[in-house]
Amino acid sequence: MLSYATTAEAEAALGRALTWAEAAWLRYSASMPDSYLHLHGAAITLAVYTLAPLPLALLDLRAPEAASPYKLQPRAKHSPVAFLRCYVYSVRVSLLLLLPYMLVSYADTKIMEMRRGLPLPSTGEVAAQLAVYFLIEDYINYWIHRLLHTRWCYDKIHSVHHEFIAPMGYAVWYDHWAEKLLLSAASLSPAQPSRRAMSPLSGYGSRPA
């Protein structure tokens, strides 16, 4: 919840006029508890996962000949049932884990003093945070991925992710629940160093194939 109820209060506290983005954020979140704002991460993550692979998935289903020259395995084709099975399984497991994870990680954001108020970070600030975040998160994900390819971890956990041998966008979330927990922890871990580098940042990162 923001400390300012009106644009005039915010501008008086900041000593300047709000940018259009800050004014929009104030209108949206002025009376919204921080816990609700934190849960937006789950909705944003699900929306990106749903929409980002959709154009290529539709191209692969509706015009496979057009998609073939750009595929690593042009002869491999996924049926509509396979796409749907992959998406439904991934969303179901993710929601079962992501929502409780978001509730637990909310306490961490308070400890790390991640801000959700005004002023909004500058473009340079966001770029610096993302650079620190992705360097740390990718480094941790690399070693988690190496661990998951050891014999026991692969047989018991990581083999689920490799059920879809041919690459497809929705398979990025198709994994065992234990693997998803490990990767979620890797996504949260860079938040404190990136906050120290510039200012608070939280998010969910990418994962290796």
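Visitor: Why is Leu58 called partly exposed?

Guide: Buried means under 20% relative accessible area, exposed over 50%, and partly exposed in between (1.4 Å probe, protein chains only). Leu58 has 44% relative accessibility, so Leu58 counts as partly exposed. This is a predicted model, in which local features need pLDDT of at least 70 and side-chain atom pairs count only at pLDDT 80 or more, while totals for chains, interfaces and linings use all residues. Residues are numbered from 1 along each chain as its sequence is written, and side-chain values use heavy atoms, with hydrogens and water left out.

Visitor: What makes Arg16 and Glu22 a salt bridge?

Guide: The rule asks for a side-chain nitrogen of Lys or Arg within 4 Å of a carboxyl oxygen of Asp or Glu. For Arg16 and Glu22 the closest N and O atoms are 2.9 Å apart, and the pair forms a salt bridge. Arg16 is partly exposed because its relative accessible area is 35%, whereas Glu22 is buried because its value is 2%.

Visitor: How many salt bridges does the rule give?

Guide: The count comes to three. Asp60 and Lys71 meet at 3.2 Å, N to O. That pair links distant parts of the chain, with Asp60 in helix H4 and Lys71 in the loop between helix H5 (64-67) and helix H6 (80-111), eleven residues apart. Asp175 and Lys180 meet at 2.8 Å, N to O. Asp175 has 2% relative accessibility and so counts as buried; Lys180, at 9%, is therefore buried as well.

Visitor: How many aromatic pairs are there, and by what rule?

Guide: Rings of Phe, Tyr and Trp (its six-membered ring) pair if their centres lie within 6.5 Å; planes under 30 degrees apart count as stacked, over 60 as edge-to-face and the rest as tilted. By this rule the count comes to ten aromatic pairs. Trp25 and Tyr28 are one of them, tilted, with 6.1 Å centre to centre and 35 degrees between the planes. Both lie in helix H2 (residues 20-29), three residues apart, about one turn of the helix.

Visitor: What makes the pair of Tyr49 and Trp173 stacked or tilted?

Guide: The planes of Tyr49 and Trp173 are 15 degrees apart and the centres 4.2 Å, and the pair is stacked. Tyr49 lies in helix H3 (residues 34-51) and Trp173 in the loop between helix H8 (151-156) and helix H9 (177-188), so the pair ties together parts that are 124 residues apart in sequence. Both Tyr49 and Trp173 are buried. Ring pairs link Tyr49, Tyr87, Tyr170 and Trp173 into a cluster.

Visitor: How many disulfides does the structure hold?

Guide: A disulfide is a pair of cysteine sulfur atoms within 2.5 Å, and the structure holds zero. Cys86 counts as buried because its relative accessibility is 0%.

Notes
Helix = DSSP H or I, 4+ residues; strand = E, 2+ residues; numbered from the N terminus.
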